[in-house]
Amino acid sequence: MAKQRLKPAIRNGAIGFVIGLALCSIVSLSGCLALKGSQERKEISSTTLKTSLEQASDLITTKYYYSDIGKFENSYEINGWSIPFTGKNFILSYQGEALLGFSIDDVKIELNGNRIHVTCPPIQILSNTIPAESVEVYDQSFNIFNQVTIDDYLEFETNQKKIAEQKMRDNGVFEQAKEDAKTSIMSVLNVIPDIREDYHITIDFEEQPEESTQTSSQASSSTNSTESNQASN
């Protein structure tokens, strides 16, 4: 099979997690807040706690890397019948990166005595990208009657992202993102000396809207007629 490289490709990678816990950033944040706390002791309130989370919002995320190989096929049709010699296809490999988390604006914090209860919104996919430099194209057809276009690649990429997002839901990535977020929130809040010493923190998540879950599942399971074969890892 002939291999045509359209763009420089990065190394082949397996699916994996990269927990978005920048420890060095937490340490720096800890030092700053500890110094500030020693200079002026402010009253603990839900507002001050939320401000602390907002300052470290980039830490409360989980990165998910994935890689896959997909095949695209298309031909002109009449009444559902494929017209001979009008087919086009390509096979490509790619690597993607998704960022999972939630908006800090939607976090709710309640204080009751020495107890702090944090309620987080459902985990969402904040971004999902397939860098162009990670794409390698194999065995692309060159049919003068039905040529491969940029729109074909864009359509193919969109469908591959939907498939990857459904795999994240099925393979426990969302649950892992919850645990990552809990760890990050505990680390950020415990930077404040008074909280670390005198408060008990509990964290939970709102339920994922059923309609949203169904919509995602339906979107990823529906395959475009131009993509008849998907070869996954």
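Predicted model: local features only at pLDDT ≥ 70, side-chain atom pairs only at ≥ 80, totals over all residues.

Residues are numbered from 1 along each chain as its sequence is written, and side-chain values use heavy atoms, with hydrogens and water left out.

There are three aromatic pairs in the structure, a pair being two rings of Phe, Tyr or Trp (its six-membered ring) with centres within 6.5 Å, stacked if the planes are under 30 degrees apart, edge-to-face if over 60, and tilted otherwise. Phe102 and Phe205 make an edge-to-face pair, at 6.0 Å centre to centre with 75 degrees between the planes. Phe102 is in the loop between β6 (88-101) and β7 (108-112) and Phe205 is in strand β11 (residues 200-205), so their pair ties together parts 103 residues apart in sequence. Both Phe102 and Phe205 are buried, meaning under 20% relative accessible area with a 1.4 Å probe, protein chains only. Elsewhere, ring pairs join Tyr64, Tyr66 and Tyr94 into a cluster.

Now the cavities. A cavity is a set of points on a 1 Å grid over the protein atoms alone where a 1.4 Å probe fits but cannot get out. Ten residues line the largest cavity, and Tyr66, Ser67, Asp68, Ala164 and Lys167 lie nearest its centre. The elements giving two or more residues to that lining are β3 (61-74) and α3 (150-170).

Notes. Helix = DSSP H or I, 4+ residues; strand = E, 2+ residues; numbered from the N terminus. Buried < 20%, exposed > 50% of the residue type's maximum accessible area, 1.4 Å probe, protein only. 1 Å grid on protein atoms, 1.4 Å probe; cavity = no way out; pocket = protein on both sides within 12 Å on 5 of 7 lines; lining within 4 Å.
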